[in-house]
Amino acid sequence: MAETLIRFGILGCADIARKVSRSITLAPNATLYAVGSRSLEKAERFAAANGFPPSAKVYGSYEAVLDDPDVDAVYVPLPTSLHLKWAVLAAEKKKHLLLEKPVALNVPEFDRILEACESNGVQFMDGTMWMHHPRTAKMREFLSDPQRFGRLKSVQACFSFFADSDFLENDIRAKPDLDALGALGDTGWYCIRAILFAADFELPKSVKALPGTVFNKAGVITTTGASLLWEDGKVASFNCSFEANLTMTITAVGTKGTLQVNDFVIPYKEDTATFTAGIESWFNDLVTAWKQVPSEHVVTTDLPQDALMVKEFSGLVADIKRNGSKPEQKWPILSRKTQLVLDAVKTSIDRGLEIVEVQWD
């Protein structure tokens, strides 16, 4: 049986949509079908520059994409403040939803998006690409191995990049009316997801923002961090920033092993990614060197992680269309857990670094 091609519409012409347009082209079970912008001319330029086939539909509004009966799924890279409106409308139009992160400004907004998806039988997935790299599955194998890794004790994550003054004043992610969560919603989302990944997605008991949060002139977060605590005593911390050198690290420490990865958000190379695993590490007799150097694990992939994300999402959509399957609930649950922790960090910042409890309900 020929593979079902999922026809994608894209809402908006954001920079990240250029990358995801290529991802859709590379995925074997997806195709670029439509793009919409508030400016028809802008949409036409975007389609011409990003590999859309001549048959693709180009629209001068987001509504027109959602009204197209041949669009199966939409990718929504709009500013976070617009997610609630357009994600709900997409679901109500029976369009499966690939939504950029952060998924919403807060959990109540996201719950309304999920309610619309559930009531209309559409698949939801957020745009956290590294979750779909085969390296991630290999890291999970190590973290889950009681003989090599043991029990998780601590996690540290960092994602930062150095933005210029123009970015800090004019980028969408620096504007309170567009992406009010700033660095917390952008780079912080990845750190929180990494910590939850290491903890097998067990929610922490509480979080507390760390001192030193920095805001731009408009009051949007440009640097922040937080500590997380679990019932069983394991701990985690993260730092995220628009004001420090490009860094994308995870360190997860267990009773028997240590996982380290230096490029978890975007691998150094598209076709190869690595992580190191230290197992029962110790010194030599004179404590002048290590007995066992952590081993490097190399994972290759034929498709980049962003195309694998599209491929997995499109496979779920095809299963719904072809077999009447129910939408996969794993992805909305992971998104909601990430947003819950993000909300708690934001609340801690707003309350002067108070400890904030994290609860699913």
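**Overall fold and selected local features**

Among contacts in the chain between residues at least 6 apart in sequence, 69% join residues at least 24 apart. The structure is a predicted model, in which the chain has eleven helices and 16 strands. Its radius of gyration is 21 Å, close to the 21 Å given by the globule rule for 361 residues, so the chain is as compact as a globular protein of that length. Along the principal axes, the C-alpha trace spans about 70 × 50 × 40 Å. Of the 361 residues, 53% count as buried.

Helix α10 comprises 19 residues, 305-323. The distance from its first C-alpha to its last is 26 Å, close to the 27 Å expected at 1.5 Å a residue. The buried residues of α10 are Gln305, Asp306, Ala307, Leu308, Met309, Val310, Phe313, Ser314, Val317, Ala318 and Ile320. An α-helix has 3.6 residues a turn, so residues three or four places apart point the same way. Just after α10, Gly324 adopts a positive phi of about 70°.

Terms used
Residues are numbered from 1 along each chain as its sequence is written. This is a predicted model: local features need pLDDT of at least 70, side-chain atom pairs count only at pLDDT 80 or more; totals for chains, interfaces and linings use all residues. Side-chain values use heavy atoms; hydrogens and water are left out. Helices (H or I, at least four residues) and strands (E, at least two) are DSSP runs, numbered from the N terminus. The radius of gyration is taken over C-alpha atoms; the globule rule is 2.2 Å times the number of residues to the power 0.38. Buried means under 20% relative accessible area, exposed over 50%, partly exposed in between (1.4 Å probe, protein chains only). Contact means heavy atoms within 4.5 Å. The expected span of a helix is 1.5 Å times one less than its number of residues.
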